[in-house]
Amino acid sequence: MEKRYVQYGCGLSAPKEWENFDVSPTLRIQKFPIIGKLARKRLNVVFPKNVKYGDIIKGLPIDLDSCDGVFCSHTLEHLSFNDCKMALKNTIKILKPGGIFRCVVPDLESAAITYLQNIESKNRNAGNIFLNDTLLGVESRPKGLKNFLSSFFGNSHHLWMWDKYSLYEEIKNAGFKSIRICEFNDSEDDFFKLVEDVGRFNYAIALEAKK
C-alpha cells in the first residue's frame with residue numbers, strides 16, 4: 001500500500017513526495033488572475049503549484065487514519081493557544097495508528113535565557129532584543145500598500161511561544177504517545193529527510209510523537 005505524508009504550514013517548501021498545505025491568504029489570492037498578479041508583484045512571493053490551501057485548525061481535506069507521517073515547521077507558534085490545541089487534535093485524527101508526527105517551533109526557553117543574560121550584562125536593549133527575537137512585538141504599524149499587504153497576508157508574528165515542557169504536555173494531551181525531543185533528520189522514517197531543513201532547527205525545539 002502506498003504511503004501518505006502530509007505537511008501543513010509548508011510555506012514555499014513543498015517536496016513533491018509530500019502533500020503540502022498552507023493557510024496563507026497569499027496562496028488563495030494568487031489563484032486569481034488580476035489580484036494574484038498584484039500580490040505576487042508586491043510581495044514577491046509565489047507558492048509552488050503543488051501547495052494546496054488547507055487550514056489544520058478547521059481540518060485538512062485528508063481522510064482520517066490515512067497518514068504515515070505529518071510534519072509542520074515554525075507553524076504552531078503562529079496559532080493562538082486554543083487554535084494550537086485544535087491543530088494537534090486534528091493532526092492525530094489523520095494519522096494512522098503508529099503514524100509519526102514531527103514539529104519544530106522557536107524555543108521560548110532559549111530566548112528567555114538570552115534575555116536574562118542580557119539583563120545580567122546590563123544591556124539596556126534586552127527587552128527590545130527579546131521581543132524582536134520572539135516576534136512578539138510590533139515595531140511599527142504598516143504604512144503604504146506594499147507594507148500593508150506584507151503585514152496582512154504575511155502572518156509573520158507569533159501568537160503563542162513554546163518551550164519543550166509546555167509543548168510536550170499539549171502533544172500528550174492531544175492523545176499522542178512515545179513523545180520525545182528530536183533532532184534534525186533523526187527520525188526512523190527517512191521520508192522526513194525530504195521535508196526537514198537544518199536551518200529551521202537552530203534556536204528551536206523539535207518534538208516527535210506517534211499515534
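## A salt-bridge tour

Start by selecting D68: at 17% relative accessibility, this residue counts as buried, because the cut-off for buried is under 20%. Keep in mind that you're looking at a predicted model.

K96 and D68 form a salt bridge, with their closest N and O atoms 3.1 Å apart. Colour the strands and you'll see that K96 lies in β5 (residues 95-106) and D68 in β4 (residues 67-73), so the pair ties together parts that are 28 residues apart in sequence. K96 itself is partly exposed, at 22% relative accessible area.

Next, select K52 and E19. Their side chains meet in a salt bridge as well, at 3.9 Å from N to O. This one links distant parts of the chain: K52 sits in strand β3 (residues 51-53) and E19 in strand β2 (residues 19-22), 33 residues apart. Show the surface and K52 comes up as partly exposed, with a relative accessible area of 43%.

Then move on to E188 and K210. Here the closest N and O atoms of the salt bridge are 3.2 Å apart. E188 is in the loop between β6 (177-181) and β7 (204-210), while K210 is in strand β7, 22 residues away. E188 is exposed at 60% relative accessible area, whereas K210 is partly exposed at 24%.

For the last stop, select R102, R180, D186, E196 and E208 together. Salt bridges that share partners join these residues into one network.

Key:
Residues numbered from 1 in each chain as written. Predicted model: local features only at pLDDT ≥ 70, side-chain atom pairs only at ≥ 80, totals over all residues. Heavy atoms only, no water. Salt bridge = Lys/Arg side-chain N within 4 Å of Asp/Glu carboxyl O. Helix = DSSP H or I, 4+ residues; strand = E, 2+ residues; numbered from the N terminus. Buried < 20%, exposed > 50% of the residue type's maximum accessible area, 1.4 Å probe, protein only.
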